[in-house]
Structure formats: structure tokens, C-alpha cells
Amino acid sequence: MTPLPRLRVEGLSVRFHLPGATVRAVTDAHFEVRSGQCVALVGESGCGKSVMAHALLGLLPGNASVEGAAWLESGDAPPVDLVAAPEKVLARTIRGRRVGLVPQSPAAHLTPVRTARAQLTEALRELGNPDRADALAERAGLRPPDLDLYPHQLSGGMAQRVVNAIALAGDPWLIIADEPTSGLDRPLVDATMTELRRLADDGRAVLLITHDLRAAQQVADHVAVMYASRILSVEPAADFFTRPRHPYAAGLLDALPSRGFAAIPGQPPELSDLPEGCAFRPRCARATDDCERLPQPLGSGRVACHHPLENHAAR
Amino acid sequence: MTRALGRMAAWRLAFTAPLLLVVTLGMFVLAKASPFDPVRQYLGDRAVTTSPEIARRIRANWGLDRPLAEQYLTWLGNLLRGDLGESRSMHRPVAELIGERLGWTLLAVGCATVVMLAGSLVLGALAAWRRGSWADRLISGTAYANEAAPVFWTALIVIWIFAVKLRWLPPGGLTDAASGTVAPADVLRHMILPVAVLAFSQSSWLVLFVRESLITTLREDFVIGARARGLRERTVVVRHALRSALLPFVTLLGARVPELVTGAILVETVFSWPGVASASVQAALAADFPLLAALTLLATLAVVAGNLLADTAYVIADPRVRVLGVS
Amino acid sequence: MATREELRSMPGGLTPARRRFPRGAAVTLALLCLAVVLVPAFARLDQQLVDLHSASLPPSLAHPFGTDEVGRDVLLRAVYGLRVSVLVGLAAAAVSVTIGTLAGLAAGAAGGTLDRLIMRVVDGFNSVPHLLFGIFIVALFTPSTTAVVVSVALTHWMTAARIVRSEVLTLRARPFVDAAIGGGSGRLRIVRRHFLPHLTPHITLAAVLMVPHAVWHETALSFLGLGLPPHLASLGNMINDGARSLLAGNWWASLFPGLFIFLPTLAISALAQYGRDRSSPRRRSELQL
């Protein structure tokens with residue numbers, strides 16, 4: 001029996017070595033994304049979310065060291081550990097073909113001196129996709145003449161559709177969407193979320209990395225909350241949005257405009273200078289001396305907190 | 001695009017006319033301040049025996065007794081009409097001399113530029129792509145060393161190795177001394193060393209520039225984006241990183257014309273190549289003002305043309321400038 | 001637990017180790033300086049001594065760099081040559097930085113039409129290839145040390161002028177200048193009391209970095225026969241003399257003196273590179289956090 005297609009991240013850690021400092025961008029992350037599911041990885045900017053996306057694709061700069069494993073188990077192909085796989089394997093069999101990236105700020109991820117068409121056609125050709133660029137563009141909601149524009153001429157929505165089309169050129173099974181909504185207005189965010197949902201419903205797996213909880217709510221089946229390089233909780237979306245158990249998750253939700261705009265007091269710590277124990281402790285109203293020990297994930301919802309909320313009603 | 005190009009060309013040309021005027025004025029003032037007496041120089045050994053009366057008549061004939069401003073305007077007028085005067089050392093019209101030699105300089109410099117561009121692109125890209133490898137260390141090390149080595153010294157080393165020790169190629173000249181005609185194969189053999197030295201000496205900054213620029217570009221989002229799409233490494237480096245990295249390079253290339261002229265002067269002299277650049281040295285050694293002035297003006301024009309070419313290339317190459325116009 | 005070593009091979013992704021201090025460069029430079037300062041005092045050999053019996057001898061223990069066409073020791077002459085070239089280079093750098101400082105001060109402090117005029121002149125000077133311009137100047141005056149210094153100075157003052165002008169423009173925006181003007185100080189007084197002290201480090205650095213350029217320029221002119229008087233043992237003159245016997249197989253008379261330009265220039269550029277690396281540490285933003 002072939003195992004269910006999934007991405008299984010086990011103990012993933014990423015550190016950047018700078019002269020005189022070590023930055024812990026991701027620490028001991030555990031989660032999984034299954035076929036047909038959308039998992040949202042949420043957190044404030046600078047908590048290490050985007051590093052996770054680059055780590056899974058092997059795109060980190062040379063001064064990064066990665067530990068742990070990220071098993072990609074899809075279809076009949078033998079499982080691949082994205083962390084241990086050599087660059088050649090990643091370049092030839094993983095990126096674009098099995099894992100597609102919908103990048104942050106799409107226009108910046110297109111080469112400025114070439115038209116959208118040139119880049120889309122090139123991706124189709126190199127990934128062995130017989131489709132024509134025009135057909136793919138129309139499916140992504142673009143008019144064929146739009147493809148003849150240069151990246152700086154594309155509107156935010158058009159650029160988003162172009163990178164979506166390029167990301168799907170190699171028919172990847174897992175889509176990593178890294179802050180796909182930053183800089184887009186509400187209707188475009190909604191359209192992008194609908195598109196991601198459709199991809200998941202087609203049987204792909206979607207990992208949505210975002211700080212936009214409203215966007216996450218539109219598509220996510222599960223929500224993983226990240227804070228100061230660690231994943232604090234992984235819960236089903238329904239539970240997360242109605243009765244979050246981690247105090248930080250509750251804080252994030254309470255900060256939403258629709259829920260009272262109550263921002264969490266204080267600032268997140270610097271990733272180069274993380275405290276011992278629970279990193280959220282200084283900002284947490286429920287913190288006690290217990291919190292100086294690192295909390296282990298507990299229970300079915302996997303919440304890393306010594307004092308999880310039992311019934312935090314949405315305000 | 002045409003509008004942006006036109007605006008830029010007009011701006012350049014508007015700057016060029018006063019510039020050339022300043023350069024001619026500067027040369028004229030320097031020539032007048034010079035202790036060399038053109039009449040005495042013209043007469044040579046006869047100067048001692050020539051009567052002051054004859055010297056005075058030559059002076060009047062050349063207009064040297066007129067006021068300075070008038071002399072300058074006459075000279076300028078002649079230049080504008082294409083009358084570059086007569087070379088005092090070679091006793092031939094300057095225009096004819098330049099016409100004869102310019103082709104050889106353009107041939108050598110043109111070939112050197114092509115070799116330099118191709119070589120530097122490949123080597124610079126290789127060094128950036130395999131940054132930190134032995135190939136990178138060898139390429140950047142050689143480029144740094146090359147930067148520090150005077151081109152005439154490099155040329156002498158090359159002559160000693162390839163012409164004196166190995167006897168593969170001739171040490172200089174356009175053709176073999178024995179041959180009376182200019183055979184293409186012969187010229188080609190004589191061209192290899194000067195072209196190679198000129199290309200090599202000019203390539204170091206370019207190699208380092210391509211390397212630096214590509215290293216920066218390889219970290220850019222769009223290169224990471226291209227890599228994330230699963231494109232082949234070659235495609236990522238050549239069609240995404242290199243293509244974007246080369247944009248500033250077209251402008252810099254045009255701005256390097258002065259260095260190219262300097263290199264051509266030294267290389268043509270070492271290899272006795274009969275071009276205009278080595279003629280400037282001969283003119284200088286003979287204090288031949290008309291020839292030297294014409295060549296200096298020619299070089300200035302080349303610099304201005306280089307800048308114009310660079311701007312044009314930039315407008316054509318960069319879609320962002322093309323649409324927004326020159327700011 | 002797998003540490004991802006493969007990343008190290010990611011193209012362009014390798015972060016180089018911190019540049020080490022270029023000890024070799026510093027030692028080379030120090031030795032050359034010592035030689036230039038000390039040898040003329042100790043080696044009382046007459047450097048102009050002509051000895052046709054020992055003409056064109058290849059390098060040996062007695063003559064590590066060999067001898068030239070008329071039997072003079074190439075090493076000793078090269079050390080003297082370096083001394084001459086460095087002195088001429090220093091003089092030229094001093095003159096050109098002085099011209100540049102004055103022009104930059106005038107442009108920056110006066111502003112307006114004078115500023116525009118001076119900057120156009122700078123552009124004009126930059127439009128004529130430097131060596132050709134230098135050749136032009138030397139050609140019209142008798143080849144002499146003065147002509148070479150003037151030629152180098154006139155072709156190199158523009159860099160200093162630009163630096164000083166932009167520094168003055170920054171200084172003008174600073175409050176203490178307003179205070180001085182408010183206190184009734186005259187323009188010249190402000191320049192002398194307030195601008196010059198702030199500009200000194202910039203001017204000094206510009207002058208130091210100018211020296212290798214000046215030496216190169218002097219050497220090139222001398223090599224072309226348009227530089228220092230032929231009897232002076234400058235490096236350019238030596239390479240020029242030596243080049244004539246190169247085809248006869250005497251390579252040491254021209255190639256060894258070239259080493260004395262090549263090595264110090266390389267050493268200075270290595271030290272300058274090190275200085276630049278030290279002063280601009282890697283930015284954190286490169287980490288895409």
C-alpha cells in the first residue's frame with residue numbers, strides 16, 4: 001500500500017551564522033501537510049516563516065545550517081528528505097516538479113529584463129510541459145497580451161497570476177505559498193485564496209505562509225502558529241479560529257480588527273538573542289515560573305504551552 | 001523608446017560642442033605657452049643659417065604674427081572645414097596620416113574589445129558561479145595581479161616568452177620586414193600578440209566587475225525565484241542572473257574608452273603597430289603640434305562617442321529605462 | 001540529524017571566510033620602503049658606473065637582477081629608480097591634490113555659477129584620455145621632472161576636486177556652519193577655520209591613494225621616452241632602456257625593474273581591499289529574514 005502523499009517535517013532547525021552572532025530562524029519544527037489539505041503557517045513578520053519556505057526548497061544562503069528532516073512522500077516515488085537531498089536532486093526532480101513556490105512580492109521574483117511570456121515559456125519548456133503559454137495564462141486569469149509586458153509593467157494582481165502560472169508549469173504536488181498576499185488589496189487576496197483552495201481540492205497539498213489571519217481563515221484546514229523561530233501550536237482551523245488554546249494564538253486573533261484590535265503588548269525577541277524557556281513568556285499574561293522551562297507540545301491539538309487556554313471565546 | 005533615445009542624444013550633443021571647444025582652447029593655450037618655436041623646428045639645422053628676415057616672413061605666412069585670438073579662430077575654422085593642417089614631423093597632411101593609420105588602430109582595438117568581452121564574460125561568470133573554488137581564486141587572483149601590472153611591462157613579458165624564447169610569433173610590426181606587400185595572413189600573425197595583450201590588460205576590471213555584479217545578482221529574489229521554478233542551473237545563471245547583471249556593465253563599458261585609448265597608446269608603441277595611437281607618441285617626441293592636437297581631439301571624440309553609445313545601449317537593453325525615459 | 005553541507009555548493013551561495021590581514025603585502029611594502037630609504041645611504045656604489053666588461057650579465061649572486069647593456073647593476077638601479085619614481089609620484093600627488101582641493105573648495109563653498117563652471121571643467125578634463133593629455137603637456141615642454149609632475153597633476157586633480165566638493169556640500173548643511181555665518185565670520189574664515197580641519201582626513205586619504213596612480217603615470221611617460229630625463233634612473237626609463245635589448249635575450253634589464261612597480265601596486269591594492277572589507281561588514285538584510 002502506498003502511503004498517503006504528504007510532507008512530513010521533523011525537527012527542522014535553521015541557523016544563520018553571522019560574524020559575531022548566530023541567528024536561530026527556525027527551531028525544532030514539526031508539522032505535516034497532506035494531499036488535499038491546506039496548512040497555514042502564521043506568525044508576525046520576522047518570526048522565521050519565510051526561512052522555512054526557503055529551507056524546504058534548499059534555497060538558503062551559504063551561511064545557513066539546517067538540521068532535522070523534511071520528508072516528501074508523494075505518489076510512487078521513494079520518499080525524499082528535502083533537507084539531506086543534494087542540490088542536484090533538488091534542482092532536477094524537486095523544485096518546480098514536485099514542490100512549487102508561489103513567492104512573496106511576485107514582481108520582484110520575476111527577472112526584470114525579460115517579459116512574462118519569455119519566463120513562462122521558458123519554464124514550460126524546461127519542465128517538459130507541452131501546454132502553450134497563452135493557454136496557461138488564460139487559465140490563470142490573464143489575457144494573452146498581458147504576457148508581453150515586463151515585470152515592472154504588471155499590476156500586483158497580474159504579477160501574482162503570472163507567478164502562479166509559472167509555479168504550476170511543472171505540475172508540482174506540493175505548493176508553498178510564501179506570503180502570497182502581501183501588497184494585494186482585499187479582492188485580490190480573496191481571489192488568490194480561492195485559487196489556493198482550488199489547488200488543494202484538486203488533490204495537491206498547500207503550505208500557506210502568511211501573517212494575514214483572515215486570508216488563512218479562508219483556506220486553511222490546519223493552522224500552525226510560529227513565534228520566535230518555534231512552532232507553538234498546530235490545530236485544526238475550526239478550533240484555532242473559534243477557541244485557540246495557545247495564549248499567543250489567542251493574542252493574534254484578538255489583535256484582528258474584527259475582534260477588538262487588542263494588540264499583544266511588547267515586542268517579539270530578536271532571533272539572535274532568544275530567551276531560555278518559552279519565548280512568549282515576557283509578553284504572556286498567563287506566564288508563571290513554569291514557563292522558564294521549554295514547554296513540550298501536548299495533546300491532540302499539539303499546543304506547546306504550560307498553561308493552555310481551555311475556553312477562550314472569541315470576542 | 002525613440003523619444004527617450006532622441007532626448008538623450010540631444011542632451012549629449014548639447015554637452016559635446018562646448019566640451020570640444022574647451023578642449024581645443026586648452027590645447028591652443030598650452031601650445032602657445034610652449035617654449036618650442038614652430039618656425040625654428042620647421043627650419044631644423046638651417047635655423048642657425050637662416051636670416052631673421054626669412055624667419056619673419058615664414059612667421060607672417062603662418063599667421064603667427066597675428067593676435068592670439070585671431071590665430072585660435074583661424075585654427076578652429078580650419079579644423080571645422082576638415083583642414084587639420086600639416087604634420088611638422090612627417091611633412092604630410094595630418095588628415096592623410098590619420099586616414100592611413102586609423103584603420104589599423106580600429107582593427108586592433110576592435111578585435112581586442114571582442115576578445116576582452118567574450119573572455120571576461122565567461123571567466124567572470126565562472127568565478128562568480130563557483131565562488132570560492134580554485135577556479136575563482138585563479139581567475140580573480142590573475143585579474144587583481146593584472147590590475148597592478150603596467151601594460152607595457154606585461155607586453156614585454158609576452159614578447160620575451162612568445163617571440164624571443166618560443167619564437168612562435170613576431171615581436172612587432174605590421175608585416176615581416178622582408179615582405180613589401182600587406183598580406184592578410186602575415187598581418188594576422190603580427191596582430192595576435194598586441195591584440196591579446198590589449199585584451200588581457202583591459203579585461204581585469206571587467207572580469208572583476210562581472211564577478212561582483214553576478215555574485216550580488218545571484219542573491220536577488222528573481223534569481224531565487226528562477227531557481228525555485230526548477231529551471232536548469234545554466235538557464236538560471238545565463239538567462240536570469242547574467243542578463244540582469246550585465247545592465248550596468250554596458251554603461252561602464254562606454255565609460256572605459258579613455259582606458260582603452262591609454263592601453264592602445266602603450267601597446268601600439270611596444271609592438272610598433274602603425275596605428276594612430278602610436279602616432280601620438282611619435283608626434284609628441286617630435287613636438288608635432290598639428291598632428292598631436294588632431295589626435296587628442298580624435299581621442300576626445302572617441303570618449304564622447306563611447307558615452308553616447310553606452311547610454312544608447314542602456315536604453316535599448318533595459319526595459320525599465322526604455323519605458324520611463326531617461327531621468 | 002542531517003546537516004546540510006550540500007548548500008555550500010549552491011552557486012554563488014558560499015560565504016567567504018573573513019579576509020585575513022594581507023601579511024605578505026605589508027611585508028613586501030615595508031621591505032621596499034626600507035630599501036628605498038636605506039640603500040642609497042649604504043651602497044655607495046656609483047650607480048652610473050659604466051663597466052663594459054660586465055655588460056648584459058644574466059642574474060647571478062653578485063648581480064641578483066643581472067646587469068644592463070653598459071654593465072650597471074640592475075637591482076641597485078631599480079632601487080634608485082623606485083626612489084625616484086616614488087618621489088616624483090609623491091610630488092605629483094601633492095600638487096594634484098592641492099589643485100583638486102582648491103577647485104573643490106571653491107566649487108562647494110561658492111556654489112552657483114562658479115560651481116557649475118568648475119564641474120564642467122572637471123568633466124572636460126575627464127573627457128581627454130589621461131595618458132594622451134599627459135603626453136601632450138610633456139611634448140610641448142622640454143622633458144623634465146617638472147613637466148612630468150605638472151602633467152601628472154593636471155590629469156589627476158579631478159578626483160580630489162569631486163571628493164572635496166561633495167564633502168563641503170555635506171558640511172555646509174551642518175549647523176555649526178550656520179552658526180559661524182550667524183556669528184559674522186567671513187567666507188574665507190569659515191573655509192579656513194571650519195572646512196579645512198574636517199576635510200584633512202579625506203584629502204590625506206585621496207593623496208595617499210593618488211601616489212600609485214602618479215607613479216604609474218610617470219612610469220608610462222618615461223617608458224614612452226616622454227618622461228624624466230633619460231640619465232635619471234627612473235623605473236620607466238630603465239624598462240625603456242632594457243626593452244631595446246630584450247630581443248637579444250636580455251630580459252632581466254627590463255622585466256626586473258617592472259617588478260618594482262608591480263609588487264608595491266599589488267601590495268597597496270591588497271591592503272586597500274582589506275581596509276574596505278573591514279569597514280563594511282556584511283549587512284543583515286542579506287539574510288532574507
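This is a predicted model: local features need pLDDT of at least 70, side-chain atom pairs count only at pLDDT 80 or more; totals for chains, interfaces and linings use all residues.
**Notes on strand pairing and chain contacts**

1. Strand 1 (residues 6-18) and strand 4 (residues 64-73) of chain A run antiparallel, with 9 bridges joining them.

2. Strand 4 of chain A also has a partner in strand 5 (residues 80-81) of chain A; these two run antiparallel and are joined by 2 bridges. Here you can look for A:L72, which stands opposite A:V80 in strand 5 of chain A.

3. Now to the contact between chains A and B. Chain A brings 24 residues and chain B brings 22 residues. On the side of chain A that touches chain B, helix 3 (residues 116-126) of chain A gives the most, with 3 residues. By residue type, this side of chain A has 14 nonpolar, 6 polar and 4 charged residues.

4. Chain B also meets chain C, where 49 residues of chain B are in contact with 41 residues of chain C. Which elements of chain C give two or more residues to the side that touches chain B? They are helix 3 (112-127), helix 4 (130-140), helix 7 (187-223), helix 8 (235-244) and helix 9 (252-279) of chain C. Helix 4 of chain C supplies the largest share of this side, 9 residues.

5. One last point on composition: the side of chain C that touches chain B divides into 28 nonpolar, 12 polar and 1 charged.

Terms used. Residues are numbered from 1 along each chain as its sequence is written. Chains are lettered from A and ligands numbered from 1 in the order in which they are written. Two residues are in contact if their C-beta atoms, placed from the backbone, lie within 7 Å. Helices (H or I, at least four residues) and strands (E, at least two) are DSSP runs, numbered from the N terminus. Ala, Val, Leu, Ile, Met, Phe, Trp, Tyr, Cys and Pro count as nonpolar, Asp, Glu, Lys and Arg as charged, and the others, Gly among them, as polar. Two strands pair if DSSP finds at least two bridges between them.
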